[in-house]
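Student: I have a new structure to read. Where do I begin?

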Amino acid sequence: MSMLSLVVRLATVGTLGWLAVMDVRDRRLPNKGVLAVAILFFADAVLAQKSLSVTGEHVLVAAVVGVLCVGLYLMNMLGGGDVKLVAAVGLWVGSNLLVATSTLMLVAITGLLVALLGLATRRLDPAACFGPMRALAFFSCRRGVPYGVALATGGSTAILLPLWLPWAITHFVKH
């Protein structure tokens, strides 16, 4: 992997972090951030010299996951920004079963934790709180659950796991 590809991946993780913060604060996922996550995938694909067929597999996964999430949106179970972010993250996940499973598990666990935090803080109003309590109050589920946090966490896993995994396998096999 080239250094430029690593920079693109880290920029994507940073963008996902920014999206998570925006979702907690405003319960919105700005289109420009979601679009950046998708565009950075294609930049990385070019830098990593992924074949057209491999890139096509990633696009297919993103399309299938996006269509499935539109169903959740129509049932009022997922926001529109979340649907777009799921598709953008799906580009990074691709068809690698280990990456897909790890991403899905982390999204589910993080989503559960965010939902529980939202329930625990549902009576808090950010405008009426100060310090650390104000930060917690932003998670209040009175405004909905900021599922972008879970998607950003899972997406970061999908982006970084392929970098870490070869090292981990080599390291643990030798020892």
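Tutor: Start with one residue and its contacts. Leaving out residues up to four places away in sequence, Thr12 touches Val37, Leu40, Trp92 and Ile159. Thr12 is found in helix 1. Keep in mind that this is a predicted model.

Student: Is Thr12 buried or exposed?

Tutor: Look at its relative accessibility. Thr12 has 0%, so it counts as buried.

Student: What does Trp92 contact beyond its neighbours within four places in sequence?

Tutor: Thr12 is one of its partners. Trp92 is also in contact with Val8, Arg9, Val37, Leu40, Phe41, Asp44, His58, Ala158 and Ile159.

Student: How do I read a nonpolar core?

Tutor: In soluble globular proteins, nonpolar side chains tend to be buried together. Here, the largest nonpolar core has 35 residues. Leu16, Leu19, Val34, Val37, Leu85 and Trp92 touch the most other members. At least two core residues come from each of helix 1 (3-26), helix 2 (31-47), helix 3 (52-74), helix 4 (80-93), helix 5 (97-120) and helix 7 (148-174).

Student: Which helix gives the most to this core?

Tutor: Helix 4 does, with eight residues.

Student: Why is helix 4 described as largely enclosed by the rest of the structure?

Tutor: Count its buried residues. They make up 10 of the 14 in helix 4, so the rest of the structure largely encloses it. Among them are Asp82, Leu85, Gly90 and Trp92.

Student: How far does helix 4 reach from its first C-alpha to its last?

Tutor: Compare the span with the expected one. Helix 4 reaches 20 Å, close to the 20 Å expected at 1.5 Å a residue. Gly94 follows helix 4, and its phi is positive, near 65°.

Student: And how do I find empty space?

Tutor: Rolling a probe the size of a water molecule over the atoms shows where empty space is left. In this model, the largest pocket has a volume of about 390 Å³. Its lining has 18 residues. Val65, Val86, Thr103, Leu104 and Val107 lie nearest its centre. Helix 3, helix 4 and helix 5 each give two or more residues to the lining.

Student: Which helix supplies the largest share of that lining?

Tutor: Helix 5, with six residues.

Student: What is the average pLDDT of the protein?

Tutor: The average is 92, and 95% of the residues score at least 70. Then go element by element.

How values were computed:
Residues are numbered from 1 along each chain as its sequence is written. This is a predicted model: local features need pLDDT of at least 70, side-chain atom pairs count only at pLDDT 80 or more; totals for chains, interfaces and linings use all residues. Side-chain values use heavy atoms; hydrogens and water are left out. A nonpolar core is a set of buried Ala, Val, Leu, Ile, Met, Phe, Trp, Tyr and Cys residues joined through side-chain atoms within 4.5 Å. Buried means under 20% relative accessible area, exposed over 50%, partly exposed in between (1.4 Å probe, protein chains only). Helices (H or I, at least four residues) and strands (E, at least two) are DSSP runs, numbered from the N terminus. Contact means heavy atoms within 4.5 Å. The expected span of a helix is 1.5 Å times one less than its number of residues. pLDDT is the predictor's confidence in each residue, from 0 to 100. On a 1 Å grid over the protein atoms alone, a cavity is a set of points where a 1.4 Å probe fits but cannot get out, and a pocket is an open set with protein on both sides within 12 Å along at least five of seven lines; lining residues have an atom within 4 Å of a point. Grid points are joined across faces, edges and corners, and a volume is the space filled by probe spheres set on the points.
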